Amino acid sequence: MNPDIILKADELYFSYDDNNSHSLNGLSLEIRRGQKVAFMGANGSGKSTFFLCCTGILKPQSGKLYFNGEEVGYKKKDLLKLRSKVGIVFQDPDNQLFSASVFQEISFGILNLGVPEEQAKKEVEDVIEYLEITPFRHKPTHALSGGQKKQVSIADILVMHPDIIILDEPAAALDPRHTTMVNHIVEQLTEQGITVLMATHDVNYAYEWADEVMLFHEGKVLMQGTPAQVFGNRGALKKTNLETPAVLELFESLCKKGILKASLPLPRNLKTLETYISDINLNPHYGGNNIVTENRKKAILAVSFGTSHHDTCKVTIDAIEKEMQAAFPDYPLYRAWTSKMIIRKLKDRDQIHVNTVKEAMEQMRRDGITDVLIQPTHVINGIENDLMKEDALSYREDFHSISFGDPLLTSEQDSLDVIQAIADEFSSLKKDQVLVLMGHGTTHFSNSIYAALDYTFKDKGYSNIFLGTVEAYPSMETLLKMIRSYQPSKVILAPFMIVAGDHAKNDMAGDDPESWYSQFKSAGYEVEPVLKGLGEYSGIRKILVEHLSRLDVQ
Ligand SMILES: Nc1ncnc2c1ncn2[C@@H]1O[C@H](COP(=O)(O)OP(=O)(O)OP(=O)(O)O)[C@@H](O)[C@H]1O
């Protein structure tokens, strides 16, 4: 199973009434590690029932649930292990809190796990401090307010260091101050790398907060996607009794009236929309504030997904940045990566810190930069790129201008240039051999570029170059079919990703029977993997530097 998937449900059925009705009705879904996932849907659509299955409190009558790639078991020791890693904070804290004192309450789970008393005590003290429970720690739990009970129920779970926290409507019955406090805690959880699943009916909050929205309807997932995809689907919202987030509604109506350009990244919150509006007279696109134009200081921000493999980083991301810097020697170059998981891995494993986009923007602001030229090394205009723009634009008030270079594959000319760069790199490819490129693939609509590019390869005379993706279409299945009709003497495999990292080393060239290498091998071909990321091709680096150069017009 894909190691990015932390939780997977496969055709779950659950009935509370002997199969007269099904609260989970063939539910299948996958949750990616480190994501913030909002579970939404009408009352009674099965969200809480699913959550109870995730922690083994309910056992589905049929279907399978996987945690970290392993099927969930229901023996006592399996459940204990599962509950130490998947914690649930119930909607009503009174269903969760059962000890007399706050300290006892928070200690219960961790002691049950067999953690020695001294260590457990320290962990409990840490969480009490972290969640600001100290002022009411000596009160009996029954005497706490609703908000304080919620803090303690989160502490109950947090003290176990779970991989997943499930929050069932955490803001229900809280006043605005406590809602803000709980939201703040939730934000910190995701920064620690915990996967957060949250049921909520608050469309405005989910739209701003979530990485992904899971829309439940009658015990199944009706739709899953980014907040923009899900909340942009009026039909799905209507079916599940949800409304469009106010900020999206307002943005669309301003676009319809021609006041804002629809090409702007969708604003996720009112603050971003407000800054769009405040810039209308200056520059309806990305322009900045009317600050003094003397002493302008430009900088380049090179944004990559990132990699935890130093070998490939050196010859891809580092090499691209070096060429960008060489093209603009007078501008300082800053780096940011968009994969929080990789950033965390580097920090934990190698004590290396790489900035997120927001951190890099803050750094530039501190350094007195006034104009930021952002050049992504992303291959397509997908989710990563949209989120990167959003993060950068949340700092638009701090800069005179923020401008964005295009990802690698944006215009028709880019496709032709990329094809040329690949053809140059594989100029020794023989007619009876095929080159199979492995792209990443995405659920975003921009995924169609992969199939389009595969088509263009053929159109430009490279009938033996094929492009597929690990996560979307064209898939391995399609590639096997196409390549079978070509009958090559050899299959050469190469990543169509900037770096030759995990996907290239494992999904493409690994020994696992699911890898592309093994699948082509067992289909009877001679296979040669080439572990070279796109960033190693000089033609590709040139395209990215050229995209950056287009920004520097003033
Ligand atoms: N303990 C129970 N006994 C019997 N039926 C139940 C029980 N809990 C839930 N149900 C039923 O299962 C279905 C799914 O309910 P569930 O609570 O999972 O939905 P939900 O999406 O979490 O709803 P809400 O948004 O109201 O919290 C509903 O028809 C509900 O009536």
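Q: Which hand does the crossing of α13 and α22 have?
A: Right-handed. Bear in mind that this is a predicted model.

Q: How closely do the axes of α13 and α22 come, and at what angle do they cross?
A: The axes of α13, residues 317-327, and α22 come within 10 Å, with a crossing angle of roughly 45°. Angles under 35 degrees would count as roughly parallel and 65 to 115 as roughly perpendicular, so α13 is oblique to α22.

Q: Which residues meet there?
A: From α13, A319, I320, E323, M324 and A327. On the α22 side they meet R541, L544, V545, L548 and S549.

Q: Which strands does α22 lie across?
A: Helix α22, residues 538-551, lies across β11, β13 and β14. Its direction is at about 155° to β13, which spans 371-376.

Q: What order do the strands have in that open sheet?
A: The order is β12-β11-β13-β14, four strands with parallel pairing. β12 (333-337) and β14 (401-404) are at the edges; each has a single partner strand, so one side of each lacks a neighbour in the sheet. From one strand to the next, the twist averages 25°.

Q: How many bridges join β11 to β12?
A: Five, and the two strands run parallel. β11 covers residues 298-304. As for a specific pair, A302 has R335 in β12 as its bridge partner.

Q: What follows α10?
A: G258 follows α10, and the phi of G258 is positive, near 80°.

Q: What is the bridge partner of Y66 in β5?
A: E71. β5, residues 70-71, is joined to β4 by two bridges and runs antiparallel to β4.

Q: How many residues sit between β4 and β5 in the hairpin?
A: Two. N68 is in the turn and has a positive phi of about 55°.

Q: Where is N19 found?
A: In the loop between β1 and β2, the latter being 24-32.

Q: Is N19 buried or exposed?
A: Exposed. A residue counts as exposed if 12 or fewer other C-beta atoms lie within 10 Å of its own, and N19 has 10.

Q: How far apart are N19 and Q61 in sequence and in space?
A: They are 42 residues apart in sequence, and 9.1 Å apart in space from C-alpha to C-alpha.

Q: Whole chain, then. How many helices and strands?
A: The protein chain has 22 helices and 18 strands.

Q: What share of the residues counts as buried?
A: 41% of the 554 residues.

Q: And what part of the contacts with a separation of 6 or more comes from residues 24 or more positions apart?
A: Such residues account for 70% of those contacts in the protein chain.

Terms used. Residues numbered from 1 in each chain as written. Predicted model: local features only at pLDDT ≥ 70, side-chain atom pairs only at ≥ 80, totals over all residues. Pairing = 2+ DSSP bridges. Axes fitted to C-alpha atoms, helices over the stretch in contact; angles between N-to-C directions. Contact = placed C-beta atoms within 7 Å. Parallel < 35°, antiparallel > 145°, perpendicular 65-115°, else oblique. Left-handed = near helix turned anticlockwise from the far one by under 90°. Buried ≥ 20, exposed ≤ 12 C-beta atoms within 10 Å, placed from the backbone.
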